[in-house]
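Here is a short report on a two-chain model. Please look through the sequence and the coordinates first.

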Amino acid sequence: MVKRVFERPLSWIERIFFIDFIRGLSITIRHAFRRTITTHYPYEKLVPPKRFRGFFGHKVVDGKEPQPAFDEWVERFKIKVEVGKSRCVVCMLCKRACPVPQLFEIEGEKLPDGRRRVSVFNMNMMLCTFCGFCVDACPVDCLFQSDIHETASYTRRDAVLNLEILEKIGRDWQRRREEEPDRIWIDDKNRERLWYENSVKLPEVKR
Amino acid sequence: MEGFVAWLIITLIKILVILAVVLGVGAYLTLLERKVAAHIQRRPGPMVVGWHGLLQPLADGLKLLTKEDLFPRYGNKFLYNLALVMALVPATLVFAVIPFGPEFELFGIKIKPMLTDVNIGILLVFALGSMAVFSIALAGWASNSKYALIGSMRKAGIIVSYEVVITFAVMGPIILAGTLSTYDIVQKQIDQKLWYIWLQPIAFVVYMFAMLAETGRVPFDVQEAEAELVTGFTVEYGGMKFGLFPLVEWYIEVLSLSAIAVVLFLGGWSPINIPFLGFLDPLFFLGPLSPFVWFILKVSLLFLFVLWLHWTLPRYRIDQIAETAWKVMLPLTFVNLVFTAIIAPLIWR
């Protein structure tokens, strides 16, 4: 059975005195005198939340690797661990998890002392969908997604992230945001400007 | 002979002042509109060029002037350019009969702050107003484009309906004043101690609606309808030729029609009116400048109200607009006319 639903028709009083017009006008005038909620983009920038899926990076070895997974993988592949260099153990799990695997170019090299390390790690961002499967797959918390979202480049070649750039992004991230509590909306002044009306108090995160 | 030379000089000065003020203000109203729209949507609007974007109109004008002048294939070049002239000239000519203040004396010469006090001022305004339909129809036809033609036909349909309505709406104040001269209408309102809006609220509301329709403002902006037609009849125009149409239609025409509304309904340069008792002037300290300030204040408030409406309301459908004009507005103005004719002798006294 079809149920018929009509809109409530305007009463004559409402029609004659333009009550609905006045209601709309009152809303717009109230908004007109409130504070603006935009950021002046090229001059001011919002910090994205920590979980933001932006450009990729390689976290570097700094003694905070997930244990015992990191040591197990290092043991298995005889990886040469250097402080300040990528944590990558060349397990290729990121490439296997990727829906567009050809965007990864990963190679390891054998050093004269018999140990191994990653030598090539290229990610072609032209093909990437930023799904984050590779990040989930990474067993040593090496590959991650940063808050870098201004990714325009002049050539397609610049869209390929190599190991050097990935490590640089990783070092920068670990310096800036590694310690930050993981929440969707961080305590950012600029972001609060967007949300000041409901003034939601987020519960304190225990570290 | 001397009188003639003085008259000529004064008239030339008036023409220059009016043209400069109208076109300059018209350009800066684009900034005002963008600011009002932005703040209603809680954005700051243009902020980069100059302090709070104060130089934005100049930057826009410079950009539009340096753009390439495109012309559509198989269009009619003569009509295409004629449409521009037909849009700009009548819209600015309307300001010839708008009185900005009372007559004053400077160096022993009596000057009326209006270009010409013709005794058929209001008639002239609406004659010029109906010229707008030609410019729009020509612009749509000459640019050889479907969207432009649809836009221009819609607009022409609206203007034809609302010309009738607006003419009958202003009939009320004209009857009460007993004259067609804009200067005398204001003078009559001051003599009778009565703004005509107190006796003609219906006519005022109808006038406002017709003004929105004639100038293509929301809720009657079907000729532009950026969601359906790209920008209506201006699609095929480029550069400053494109910039001129919105300037004329949205700013100069709205300005001139709000000035006419102030003259007809809100007592021109007179201060706040208490019906039949007198006038209350909170701006008395400005002395002889007070009437000019009052006129500018009223016109700008009316203009801001139009902007406010524009950024609040959605758009009506074309058939609803025509229906409102012929089935609601026109009978209302007839009723208003009869009512006015009955009470007019009381006002004349």
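## A helix across the sheet

Helix α6 (residues 163-176) of chain A lies across β3 and β5 of chain A. The helix runs at about 90° to β3(A). Axes here are lines fitted to C-alpha atoms, for helices over the stretch in contact, and angles run from 0 to 180 degrees between N-to-C directions. Contact means that the C-beta atoms of two residues, placed from the backbone, lie within 7 Å. Helices (H or I, at least four residues) and strands (E, at least two) are DSSP runs, numbered from the N terminus.

This is a predicted model: local features need pLDDT of at least 70, side-chain atom pairs count only at pLDDT 80 or more, and totals for chains, interfaces and linings use all residues. Residues are numbered from 1 along each chain as its sequence is written, while chains are lettered from A and ligands numbered from 1 in the order in which they are written.

## The sheet of chain A

The sheet under discussion is open and has three strands, in the order β2-β3-β5 (chain A), with antiparallel pairing. β2 and β5 of chain A stand at the edges. Each has a single partner strand, so one side of each is left without a neighbour in the sheet. Two strands pair if DSSP finds at least two bridges between them.

Seven bridges join strand β2 (residues 104-110) to the antiparallel strand β3 (residues 116-124), both of chain A. G108(A) has V118(A) as its bridge partner in β3(A). K110(A) stands opposite R116(A) in β3(A). The hairpin of β2(A) and β3(A) has five residues between the strands, and there G114(A) takes a positive phi near 90°.

On the β5 side, two bridges join β3(A) to strand β5 (residues 160-161) of chain A, again running antiparallel. M123(A) is bridged to L161(A) in β5(A). N124(A) is bridged to V160(A) in β5(A).

## Backbone exceptions

Most residues other than glycine have a negative phi, and most peptide bonds are trans. Some sites in this model depart from that. Q67(A) and P68(A) are joined by a cis peptide bond, with omega about 5°. P68(A) has its place in the loop between β1 (56-58) and α3 (69-77) of chain A.

F130(A) is not a glycine, yet has a positive phi of about 55°. F130(A) lies in the loop between β3 and α5 (133-137) of chain A. With 14 other C-beta atoms within 10 Å, F130(A) is partly exposed. The cut-offs: a residue is buried if 20 or more other C-beta atoms lie within 10 Å of its own, exposed if 12 or fewer, and partly exposed in between, with C-beta atoms placed from the backbone.

In chain B, N144(B) also has a positive phi, about 55°, although it is not a glycine. N144(B) sits in the loop between α5 (132-142) and α6 (146-177) of chain B. N144(B) counts as partly exposed, with 16 C-beta neighbours inside 10 Å.

Chain B has eleven helices and four strands. Its radius of gyration is 21 Å, close to the 20 Å that the globule rule gives for 349 residues, so chain B is as compact as a globular protein of that length. That radius is taken over C-alpha atoms, and the rule is 2.2 Å times the number of residues to the power 0.38. The C-alpha atoms of chain B fill a box of roughly 60 × 50 × 50 Å along the principal axes. Of the 349 residues, 41% count as buried. Among contacts in chain B with a separation of 6 or more, 76% are between residues 24 or more positions apart.

The largest nonpolar core has 87 residues. Such a core is a set of buried Ala, Val, Leu, Ile, Met, Phe, Trp, Tyr and Cys residues joined through C-beta atoms within 7 Å. Helix α9 (residues 240-265) of chain B gives the largest share of this core, 17 residues. I98(B) is one of the residues with the most contacts inside the core. Leaving aside neighbours within four places in sequence, I98(B) is in contact with M114(B), T182(B), S256(B), A259(B), I260(B) and V263(B). Another core, of 22 residues, lies apart from the largest one and includes F56(A), C134(A), F144(A) and W173(A).

## Between the chains

Ten residues of chain B are in contact with eleven residues of chain A. The chain B side has six nonpolar, two polar and two charged residues. In this classing, Ala, Val, Leu, Ile, Met, Phe, Trp, Tyr, Cys and Pro count as nonpolar, Asp, Glu, Lys and Arg as charged, and the others, Gly among them, as polar.
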